[in-house]
Amino acid sequence: MNYRSALAQMKPYTPGEQPPPGKFIKLNTNENPYPPAPAVVEAIRAAASGPLNRYPDPVATSFRRAAADALSLPGPEWILAGNGSDEILTILVRGFVGEGQKLRLPYPSYILYRTLADIQGAAWEQTPFVDDWKLPAAFGHSDDDLKLVLLPNPNSPSGTIVPPDEVAAIADSLTCPLVVDEAYVDFADDDCLDLVRQNENVLVTRTMSKSYGLAGVRFGFLVAQPQVIAELAKIKDSYNCDAISIAAATAAISSQDWLADVVAKMNTTRDRMASELSAMGFRVTPSHANFVWCQHSSGRHSEIYEYLKRNQILVRYMAFPDWGDGLRISVGTDDQIDACLLMIGRAIGSLG
Ligand SMILES: *Cc1c(COP(=O)(O)O)cnc(C)c1O
């Protein structure tokens, strides 16, 4: 078969393992351990008895109105809804980066960006973080081929955050758009939405998969100035969000009190995880997300990962060439984290 050469040459992206439900304590893909707000389940029930024979609203108007309200944006024309923020990222790369052109991402960060560049037949360039997860000035340098810069903020796997004033300075020094991927921002104290109003080149992506507990539903969105949204909307599938996900996401974004409660609970669990892991000999990076990145003094991360897996606990082992490896552990319920910490203690004890 004659596939496009970009496709034939690229390696596929491998998402985190999704084992059958019930088998593992699942702390590997940063999902919410708690079910979504009760209003979400009611909205899904109501949508399921609605007119499913009809196509959904192509631009998810109900969601965009509710989101503009919840996030204090000027109006729905500042929002583009997508089938997960991964679809939004696809739209952004298709919209800005042509074949032979280039996007930039920090390293280590979200590997999917590289896959999106590969599909386009575009190049990617990684700028390593310096001094414990700070961005060097080079991250804001422009060149003729550079068409898009992507920054997960908070970052994965580190959970660290680049403060909004530094993000603003990077955006000002670039000649291409800067995407701030705020998948984990509800667990942090700062966000970059204000920068979108100030600078046409700042584009913020959000997801309902993590803080809102809706990874199974698939819904994410872009916040950008209205002329940017109008242009990028040309790229999306006509009906990219289905009637049930639109109803669910609308109810979720309208449940801000529920969100605040869940985030407070998870951040308390996160901080307890961090101190207990430190006590067990891990170097734990201070996290502003719903996971922690930790490295044990023994350096034997893959063995700890395997030990946990044999005992039905799934965390993420990550190795970054020329950089190092470690474990990324999602925040679970307190019971799940107690079980995980107990097993990590045993894993360390078993290392010869
Ligand atoms: C989880 C994640 C996303 C993907 O979110 P979906 O809306 O589920 O597609 C995007 N960016 C980062 C950095 C993530 O960790």
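User: What makes Trp323 partly exposed?

Analyst: Trp323 has a relative accessible area of 32%. Buried means under 20%, exposed means over 50%, and partly exposed lies in between (1.4 Å probe, protein chains only). The 32% of Trp323 falls in between, so Trp323 is partly exposed. One note on the source: this is a predicted model, where local features need pLDDT of at least 70, side-chain atom pairs count only at pLDDT 80 or more, and totals for chains, interfaces and linings use all residues. Residues are numbered from 1 along each chain as its sequence is written, and side-chain values use heavy atoms, with hydrogens and water left out.

User: Is Trp293 buried or exposed, and how do you know?

Analyst: Trp293 is buried, because its relative accessible area is 0%. Leu314, in strand 11 (residues 313–314), also has 0% and counts as buried.

User: Why is the pair of Tyr107 and Phe320 called edge-to-face?

Analyst: The ring centres of Tyr107 and Phe320 are 5.9 Å apart, and their planes are at 90 degrees, so the pair is edge-to-face. Tyr107 lies in strand 3 (residues 102–107) and Phe320 in strand 12 (residues 316–320), so the pair ties together parts 213 residues apart in sequence. Strands here are DSSP runs (E, at least two residues), as are helices (H or I, at least four), numbered from the N terminus. Tyr107 is buried at 10%. Phe320 is buried at 6%.

User: Why is the pair of Trp293 and Trp323 called tilted?

Analyst: Their ring centres are 6.2 Å apart and their planes are at 40 degrees, so the pair of Trp293 and Trp323 is tilted. Trp293 sits in strand 10 (residues 291–296), and Trp323 in the loop between strand 12 and strand 13 (324–330). They are 30 residues apart.

User: Which residues do ring pairs link into a cluster?

Analyst: The cluster holds Tyr107, Phe129, Trp133, Trp293, Phe320 and Trp323.

User: How do you know that Asp190 is partly exposed, and where is it?

Analyst: Asp190 has a relative accessible area of 41%, so Asp190 is partly exposed. Asp190 is in the loop between strand 6 (178–181) and helix 7 (193–198).

Notes:
Rings of Phe, Tyr and Trp (its six-membered ring) pair if their centres lie within 6.5 Å; planes under 30 degrees apart count as stacked, over 60 as edge-to-face and the rest as tilted.
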